[in-house]
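Hello,

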Amino acid sequence: QVQFVESGGGLVQPGGSLRLSCAASGFTLDDYAIGWFRQAPGKEREGLSCITKNGGRSYDVDSVKGRFTISRDDAKNTVYLQMNSLKPEDTAVYYCAADLDCVAVTPQTYFYWGQGTQVTVSS
């Protein structure tokens, strides 16, 4: 099957950190830009960050800028999202997906979605 497998989520206190992993299955990451997204209960899926296929540039939205860092390791066929200074409003299911480039961090053009990993930030 061609898909992503997200992992690394869990329970964390406000101000804590997590590193999410996104492992590709059935294809190689070096052909694609990769985005991270999240969806909280009752809300639309929100784009967070994107990294270009060569890893030279990355883009992120204001809500996570300065706190979240996207990176990729093509040798391991994996993309990461390092999340620092976590807030309760970061609680959501986090997804990764592939696109042709990083023109925008919007869900509509992305494909090869994974099952998501739950992140809960609570004291």
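**The sheet**

An open sheet is built from 6 strands, in the order E2-E10-E9-E4-E5-E6, and its pairing is mixed. Please keep in mind that this is a predicted model. The edges are taken by strand E2 (10-12) and strand E6 (58-60); each has a single partner strand, so one side of each has no neighbour in the sheet. On average, neighbouring strands of this sheet are turned by 25 degrees against each other, direction ignored.

**The disulfides**

How many disulfides does a search of the whole structure find? There are 2, and I'll take them in turn.

Cysteine 22 is joined to cysteine 96, with an S to S distance of 1.8 Å. The angle about the S-S bond is 80 degrees, and this link of cysteine 22 and cysteine 96 is right-handed. Cysteine 22 belongs to strand E3 (residues 18-25) and cysteine 96 to strand E9 (residues 92-99), so the pair ties together parts that lie 74 residues apart in sequence. Are these two cysteines buried or exposed? Buried means under 20% relative accessible area. Cysteine 22 has 0% relative accessibility and therefore counts as buried; cysteine 96, also with a relative accessible area of 0%, is buried too.

The other disulfide is formed by cysteine 50 and cysteine 102, whose sulfur atoms are 2.0 Å apart. Here the angle about the S-S bond is -75 degrees, and the link of cysteine 50 and cysteine 102 is left-handed. This pair links distant parts of the chain, 52 residues apart: cysteine 50 sits in strand E5, while cysteine 102 is in the loop between E9 and strand E10 (117-121). With a relative accessible area of 0%, cysteine 50 is buried. Cysteine 102 has 9% relative accessibility, so this residue counts as buried as well.

Which pairing do you get when the bonded cysteines of the protein are numbered in sequence order? The pairing is 1-3, 2-4.

Happy to go through any of this with you at the screen.

Best wishes

Methods: Residues numbered from 1 in each chain as written. Predicted model: local features only at pLDDT ≥ 70, side-chain atom pairs only at ≥ 80, totals over all residues. Heavy atoms only, no water. Pairing = 2+ DSSP bridges. Helix = DSSP H or I, 4+ residues; strand = E, 2+ residues; numbered from the N terminus. Axes fitted to C-alpha atoms, helices over the stretch in contact; angles between N-to-C directions. Disulfide = S-S within 2.5 Å. Buried < 20%, exposed > 50% of the residue type's maximum accessible area, 1.4 Å probe, protein only.
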